[in-house]
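Hi,

Here is the structure I promised to pass on. My notes on it follow below.

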Amino acid sequence: MRYISTRGQAPALSFEEVVLTGMASDGGLYVPETIPPLGHDELAAMAGLSYAEIAFRVMQPYVNGEIDDDTFRGIVEEAYATFSHDAVVPLNQLDANHFLLELFHGPTLAFKDVALQLLGRILDHFLKKRGERAVIMGATSGDTGSAAIEGCRHCDNLDIFILHPHNRVSEVQRRQMTSVLADNVFNVAIEGNFDDAQAMVKASFADQGFLEGTRLVAVNSINWARIMAQVVYYVASAVALGAPHRAVSFCVPSANFGNVFAGYIAKRMGLPVEQFIIATNANDILHRTLCDNDFSKQELKATLAPSMDIVVSSNFERLLFEAYGRDGEAVRALLERFQHEPTALAEAPLATLRESFASHSVDDATILEVIREAHHRTQEILDPHTATGYRAAERARADATTPMITLATAHPAKFAEAVVKAGFPGVPLPPHMDDLLEREERYAVLPAELSAVQKFVAENRR
Ligand SMILES: *Cc1c(COP(=O)(O)O)cnc(C)c1O
């Protein structure tokens, strides 16, 4: 198994190289050269297996023997032992034929833990084998930073530096990052906004001289291993509801398109999926593209579902590559045009996308209405991201007889603002986190200056 770039110009890489590399040198994203099949019998044999065992079986072809089976099994088991529910990602039946897939039982209460608990351990394994150390740098406005920190805190060969905008993330989100006091974890509050922090991380990747040869690794959702880890819960939940003997549909609260792209890969492997519904908040580029063929950037809107506030969906490029028949040149031309002007997809690829994906966009007022309505009907309090999915699933589903699985991407306690606005007194943090607001914190405050940030990273890395 080799990995190739969506823009067709970068060299093909092994799994190990692709995990350590992130973005391709031609500006594209890596995808597997072939999609390994998951046959009817293999799927049927997964019924009743543990999540970790299903995860091992689904991911093994992508790892391609580059980690030996016993070691990889151990890594997978360790990663998912950090989840607080025995089922790791339990299904919760909401109403007739509509299920929530609860992806928020990991250490930071959002679905990004599923991928990052695994990615940190895989990176650490490869670095140890090579006798190397690496530095991770990332900017966060919330979920990704804390999930990356939790995924790396036990990794001997990694130092992680996460930049967040000073006083502009919620207290729960800040404390989830800054109360991790491990020696290899460095939180930096930047006196600026998220874009300032992001720009400094990008500039550091572009010119890594300040690290004097130490490898800089990205853990954002363009890293293939994150997609690979997310394929697993599509398979596990579908099998729990009767696949391969019966098809299911999924509704996915979406932003950078990493999550729903993983579902698409599961379907290409052989999982019987009738429909994918893409739910967006008011930042609706995916919905506009599918619905009106309006593939254009619009100004960022701050919504009640902040982890879905994006202008561009970075992983959409991977789906475009498939829709354009894996023509890297066509993808490159389209995305270069998109950088500068509103654009549109060609007819044939658009038609292909519309066969597999429906979409629906949900504004803030509707998010609040859905939280109230879902509680009234089911007694569940949904987080605002999951609420977009709940509404989209109801509005866009093609067939009520096929089980609908809506991905619950965060625990409601993490997004108390929306829950309180919807008229509820709030949701308590789960028991293992109920002292979060008393825990000791550690972070540096730095000006929004590249030289100051790079000096801090260079001096503190071990
Ligand atoms: C990151 C995130 C999303 C969006 O996922 P993508 O893979 O970027 O589409 C949705 N909900 C929550 C809670 C998130 O943290």
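How much helix and strand does the chain have over residues 99-330? Over that stretch the chain is 42% helix and 18% strand, with the end C-alpha atoms 38 Å apart; helices (H or I, at least four residues) and strands (E, at least two) are DSSP runs, numbered from the N terminus. An unreviewed UniProt entry annotates residues 99-330 as "domain: Tryptophan synthase beta chain-like PALP", and such annotations may be inferred rather than shown by experiment.

Before you go further: this is a predicted model, where local features need pLDDT of at least 70 and side-chain atom pairs count only at pLDDT 80 or more, while totals for chains, interfaces and linings use all residues. Residues are numbered from 1 along each chain as its sequence is written, and side-chain values use heavy atoms, without hydrogens and water.

Now the ligand. It is surrounded by 15 residues, and the closest are Lys112, Asp143, Ala255, Asn256 and Thr409 (a heavy atom within 4 Å). A polar side-chain atom of Asp143 sits 2.5 Å from a ligand oxygen atom, and a polar backbone atom of Phe257 is 3.0 Å from an oxygen atom of the ligand. On the nitrogen side, an N or O atom in the side chain of Thr409 is 2.9 Å from a ligand nitrogen atom. The protein covers 97% of the 390 Å² of accessible area that the ligand has on its own (Shrake-Rupley method, 1.4 Å probe).

One more residue: His105 lies in the loop between strand 4 (98-102) and helix 5 (112-130). His105 counts as buried because its relative accessible area is 15%, buried being under 20% (1.4 Å probe, protein chains only).

Best wishes

How values were computed. A polar contact is a pair of N or O atoms within 3.5 Å; within protein, one must be able to donate a hydrogen and the other to accept it, and residues adjacent in sequence count only if both atoms are side-chain atoms. Buried means under 20% relative accessible area, exposed over 50%, partly exposed in between (1.4 Å probe, protein chains only).
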